[in-house]
Amino acid sequence: MMDKYKFVSNKKTTGYGMRTKIANAIIYVILTVLSIIWLFPLVWLILQSFREEPGAYTPYILPKGYTLNNYIKLFTETKLFNYPRWFMNTFVVAIFSCIVSTLLVLGTSYTFSRLRFKARKPMMNVALILGMFPGFMSMIAVYHILKSFGLQQSLVSLVIVYSGGSALGYYISKGFFDTIPKALDEAAIIDGATKSQVFWKITLPLSKPIITYTVLTSFIGPWVDFIFVSVIMKDNYQNYTIALGLYQMITRENIYNYFTQFCAGAVIIAIPITILFIMMQKYYVEGVTGGSVKG
Amino acid sequence: MEDINVSKDITNGRTLFFNALKKGNLVTKLSFIVMGLGCILRGQIVKGLIFLAIQVGFIAYISNTGWYYLSNLSTLGKSAQYKVWNEELQIYDYIQGDNSMLILLFGVITVFICLAMIVVYAKSVIEGYKCELLRNAGKKPTTFIEDVKNLFDKNFHKTLLTLPVIGVVVTVIMPLLFMILMAFTNFDKTHQPPGKLFTWVGLENFRNLFSSDAKISGTFGKILIWTFIWAVFATFTNYIFGMILAIIINKKGIKFKGFWRTMFVLTIAVPQFVTLMLMQRMFQDVGPVNIILQRLGLISEPIQFLTNGTNARIFVILVNMWVGIPYTMLITSGILMNIPEDLYESAKIDGAGPVTAFMKITLPYMLFVTTPYLITQFVGNINNFNVIYLLTGGGPATLDYYQAGQTDLLVTWLYKLTVNEQNYSLGSTIGIIVFLISAVFSLIAYNRSASVQKEDTFQ
């Protein structure tokens, strides 16, 4: 592609070629500068996580000494901030809410995409309206409900909160199911398959991308959520998830002693999430644009 | 499968229900009193027993606890907790009163149960009557095993939707209703159950918010204006600059397109709370950015990124650009490639520069295609809790505002009022208003989105 383009541009007048070259050079400069601006906080985060000197901030960018202690301390000094415990909490909650929400989302989206019944349109409209309420408006009420059932500040309540309403986010996978040709279902039904068999044996095997997407997004949810967990957990430190725990490390009282550990803790969870996100960015784009992107 | 359209005039449940009352035989009429009787006596034993069990359970629940909550719903409890001096032990004994919060909550739940019961009741009568009609027509009612089989075929939607519907009702609809009702009560710091009662106050909270309480309504007005300013700037700066970024990366002759894109996508991938908390620390008055700028001699006094009202507002919009531009870049890249190349070619021949081409071709095309996305972003920004709360915490605080700071949006104000101030009634009132604003914009977006209008085109 590139070579061909060069060849063509060489044939044109040199003045035009020069102008494109200068324009491209300017763009490279702009892109480089922007990349530096965008990556600076991330690089700074990583550098700070290896910093040897204590303190919240240093008046220089590059640390004077490098150490792995910040990472080691996260897992050894667990008296005040129990990072391994938070990690396990988040992991357990993520696994369970991922299983539950995947089932709910796939079931709902398949039903709305493929099955026709009287209540279909009204239910979809209700789902649309429910999606417009600010999520944590009801969160405070959920806290009271969980409390009256004795479930407040527990990990179970977190799973309920993350997965209970997940069916409302059925749009993206419905969009995917919409694109699977209906002729496949019809052929199977003529051969005597029930609708349940069509779902399990025909549609789901064809839907690996969207299943992966649903599983990954619902798995990531608990790792990056801050609001819901802070409303639900309040002061029960033992059941904190990573996000809330890390937030405690940089409050006014703790930031001086724990800032570098905060950075280390953030790096540890940011790496897997970054990898997962880059893997599924294609589906993410398709989901947001409603399939209007081709190729 | 089994066809129950015995006669053509029986089409919907309502006619069936009233026909059962008018034309049904004795057994059918008795099943109005004993649920499931019609089914049990006509061969659908398991189904009938399930109906009966539901009836027994419902009566037990209502007579045990349900009635207490329902009857107190109109007052939210009459007797407050009080203390009695206990001579023997020389202490105060607390006599438990009504708990308004529990009454409201379980009142709502009981209303839901009653509504569900009405549906099940009608269903049980109809099912019994259907059996009668089938028998009269000389057919056999479906057996329980057939019913179960149908749940995986003809009625598969019921099977699939049961759990999602329960989940949504319990974790979304009931709490929402509970919260909406709270907006009409005086549930705040001075009316905290179990110690105190709260009660219905009608529209007083709305009146406070709009006019009668000068401090609250003043704060509301200023925060509402700032919320809109924020949403407009946050949405359009990201949209325009994200698109420009996508265009220059896509430009012919630029190498390593994937590399550049990944550079920016990295910042989306890192969890937002990490980057936002980090930014908040970096831009403190004594934070590293100020220190470095001072060392370089660019400024003599630290810039008050977060402690000066106007600065903080500009700062959150700028940081939001850092957060949001890669998103737009990622989303618009694909759409930009769909714009027909010959449009640009002919524009170039007509002597249009890149700016004119952008204004006359790219922008109109993109606006046309991405309007729903733009509106969703706008609504998202009205509700953008994360960026504001984690960056400035709504601050800097000011005494002119009622429990809010200068960068607070309606949603962060709502959060502060409920979580820090326990002013649930005012918080819920604001929530309802945020909903109304979001709903108007979302409905516009929904009606314009192509994927709704052309839902069936792929199938």
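**Exercises on a two-chain model**

Just after helix α14 of chain B, Gly351(B) adopts a positive phi of about 90 degrees. The model is a predicted one, in which local features need pLDDT of at least 70, side-chain atom pairs count only at pLDDT 80 or more, and totals for chains, interfaces and linings use all residues. Residues are numbered from 1 along each chain as its sequence is written, while chains are lettered from A and ligands numbered from 1 in the order in which they are written.

**Exercise 1.** Find how many residues of helix α14 of chain B are buried.

*Solution.* Begin with the term: a residue is buried if 20 or more other C-beta atoms, placed from the backbone, lie within 10 Å of its own. Then take the helix, a DSSP run of H or I with at least four residues, which here spans residues 341-349 of chain B. Among its nine residues the buried count is zero, and the helix is hardly covered.

**Exercise 2.** Describe the fold content and the extent of chain A.

*Solution.* First, chain A has 15 helices and zero strands (a strand being a DSSP run of E with at least two residues). Next, its C-alpha atoms fill a box of roughly 75 × 75 × 30 Å along the principal axes. Finally, of the 295 residues of chain A, 36% count as buried.

Key
A residue is buried if 20 or more other C-beta atoms lie within 10 Å of its own, exposed if 12 or fewer, and partly exposed in between; C-beta atoms are placed from the backbone.
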